[in-house]
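Subject: Structure for your files

Hello,

Here is the structure I said I would pass on. My notes follow below it.

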Amino acid sequence: AVIQRYQNETRRLYQVLDTRLADHEFLAGDYSIADIANWTWVRIHDWAGVDVDSFPHLRRWMATLAARPACQRGAAIPEPFAANEEVVDYAKQILEK
């Protein structure tokens with residue numbers, strides 16, 4: 001129930017962003033901190049378990065930011081973490097309480 005609520009809210013926010021990006025290249029007109037701040041959580045949509053296939057403007061924006069060298073450098077800090085199954089199972093147990 002908690003995860004479903006989180007995913008529904010995430011999907012709703014993706015829709016808000018997609019609607020804004022339909023008429024704008026970036027969220028606040030020009031590339032800005034608004035793009036940086038939102039891209040950091042939108043780019044991990046797989047982790048959130050939310051598909052972005054139905055958000056074409058959001059996907060375009062994500063690709064645009066992912067291609068920027070500064071965004072690539074920022075996304076590499078800290079180095080990617082590969083959680084083992086034990087950690088993932090423990091996290092799921094906590095979320096399900």
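A word on terms before the notes: a patch here is made of residues with over 30% relative accessible area and no salt bridge, and nonpolar side chains are joined into one when they lie within 5 Å. Please keep in mind that this is a predicted model.

Surface patch. Three residues, Y6, I44 and W47, make up a nonpolar patch on the surface. Their accessible area together is about 370 Å². W47 sits in helix 3, which covers residues 45-48. With a relative accessible area of 67%, W47 counts as exposed, because the cut-off for exposed is over 50%.

Fold. The C-alpha trace spans about 40 × 30 × 20 Å along its principal axes. Of the contacts in the protein chain between residues at least 6 apart in sequence, 67% join residues at least 24 apart.

Burial and surface. The protein chain has 97 residues, and 22% of them count as buried. Its accessible surface comes to about 7,000 Å², and carbon and sulfur atoms account for 58% of that.

Charge. There are 11 positive and 14 negative side chains in the protein chain. The centres of these two sets lie 4 Å apart.

Regards

Methods: Residues are numbered from 1 along each chain as its sequence is written. This is a predicted model: local features need pLDDT of at least 70, side-chain atom pairs count only at pLDDT 80 or more; totals for chains, interfaces and linings use all residues. Side-chain values use heavy atoms; hydrogens and water are left out. Buried means under 20% relative accessible area, exposed over 50%, partly exposed in between (1.4 Å probe, protein chains only). Contact means heavy atoms within 4.5 Å. Accessible areas come from the Shrake-Rupley method with a 1.4 Å probe; for residues, only the protein chains shown count as cover. Lys and Arg count as positive and Asp and Glu as negative; His and the chain ends are not counted. The place of a charge is taken as NZ of Lys, CZ of Arg, CG of Asp or CD of Glu. Patches are made of residues with over 30% relative accessible area and no salt bridge: like charges are joined within 9 Å, nonpolar side chains (Val, Leu, Ile, Met, Phe, Trp, Tyr) within 5 Å. A salt bridge is a side-chain nitrogen of Lys or Arg within 4 Å of a carboxyl oxygen of Asp or Glu. Helices (H or I, at least four residues) and strands (E, at least two) are DSSP runs, numbered from the N terminus.
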